[in-house]
Amino acid sequence: MTSADFRERSKDETIEYLVNEHNSMEHQMAELRQELAEARETIEEFKRMIFASRSEKKHVSYDNPEQLTLMDLFNEAELAADPTIEEPTAETIVKGYIRKQEGEKKKKASYEELYDKLPSRDLLCHLDPDAKVCPRCGSTMERVGWEKVRTELEVIPAQIRLVNIYQETVRCQKCYKETGYARFARAEVPSPLIPHSPASPTTVAYVMYQKYINSMPLYRQEKEWKQMGVSIQRATLANWCIYCGRNYMKPLYDALAKHLLEREVTCADETPCQVLKEDGRKAQQKSYMWIHCSANLDGLPPIMLYEYNPSRAGAVPQNFYQSFSGKYFLADGYQGYNHLYVVN
């Protein structure tokens, strides 16, 4: 609008025009800010897709849970939900089957055959006493039977309880009355898993299973224990794992290693790793986890052992396989395996 146009307009018309122009510009600026924010978000997404580590890249597919980001895991239930999917039947929940005879069609497994190893309980739904009164004559109706309606799976969460261990002590009352002296006898008491500790075998087994099988870190287990009413520090849980690993798992490890070295075919490999709070070493220094396993060609149970060592030197496999009495050893082209001492 030119200055002449302003002179032709009244004061009120000019103010109204300027207000409308201001509102229009504000609206345009808001749209530009939104487009800029979306462009920045798209750029950051492309950066993550190109430069982020593999475990941090985002995937829209939920077929492989190991490739999901942390945000994907939070939103997994909402994004993966599908109300059109029907509830699984007994045949799909448990992969059970009945071996069919030649020429017969494969039969569907029943609930009893699929869940025969699960403990069960019966939920009896009773009628109220008033509902048992006959509306015609007023007499009390008698039960004629129970009708099974359905079968459900019930989950019982983990429970923690105290076990108070008492030792029985006995003495001969006859000898005590006659002589004033009597021998005492005491019952045997199971040895503690860890001295001066409330940990039991089931307790430590649960902690180890959660950590090494279900990949639940100790700090999350600490929160879980607190939710169940027990305050145990993460350091205490770690001490339990280390103590039982050294005192109970190490003999089993040595026995498995002895059997592995007697196998006809064994395999080995190593991969770098980092260890925190290791004496004399920085967290950034590279260490190695060595794996020794059987080839599963002899029909015997498989053996897979892990061995940590800060070094990748050839002395590590030489020390482990110095009593190897098998025929074949499989490994990659790493030169550290070239000078193994093998007993023939």
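Predicted model: local features only at pLDDT ≥ 70, side-chain atom pairs only at ≥ 80, totals over all residues.
1. Four strands form an open sheet in the order E5-E4-E3-E6, and the pairing is mixed. Its edges are strand E5 (304-309) and strand E6 (328-330), each of which pairs on one side only.

2. The E3-E4 pair. Strand E3 (residues 265-273) and strand E4 (residues 287-294) run antiparallel and are joined by 8 bridges. Within this pair, Glu 270 has Trp 290 of E4 as its bridge partner. As a general point, strands of a sheet pair through backbone hydrogen bonds, in either a parallel or an antiparallel way.

3. The helix on the sheet. Helix H9 (residues 234-260) packs on this sheet and touches E3, E4 and E5. The direction of H9 makes about 110 degrees with that of E5.

4. Leu 218. This residue belongs to helix H8 (residues 218-227). Is Leu 218 buried or exposed? Its relative accessibility is 11%, and because the cut-off for buried is under 20%, Leu 218 counts as buried. Leaving aside residues up to four places away in sequence, Leu 218 touches Val 207, Lys 211, Arg 234, Leu 237 and Ala 238. Of these contacts, Val 207 and Lys 211 fall in the range of helix H7 (201-213), while Arg 234, Leu 237 and Ala 238 fall in that of helix H9 (residues 234-260). Gln 233 is 15 residues from Leu 218 in sequence, and the C-alpha to C-alpha separation is 9.0 Å.

5. Ser 215. The loop between helix H7 (201-213) and H8 holds Ser 215. Its phi is positive, about 55 degrees, although Ser 215 is not a glycine. For context, most residues other than glycine have a negative phi. Ser 215 has a relative accessible area of 57%, and is therefore exposed, the cut-off being over 50%.

6. Asn 296. A positive phi also occurs at Asn 296, at about 60 degrees, and this residue is not a glycine either. Asn 296 sits in the loop between E4 and E5.

Note on methods: Residues numbered from 1 in each chain as written. Heavy atoms only, no water. Helix = DSSP H or I, 4+ residues; strand = E, 2+ residues; numbered from the N terminus. Buried < 20%, exposed > 50% of the residue type's maximum accessible area, 1.4 Å probe, protein only. Contact = heavy atoms within 4.5 Å. Pairing = 2+ DSSP bridges. Axes fitted to C-alpha atoms, helices over the stretch in contact; angles between N-to-C directions.
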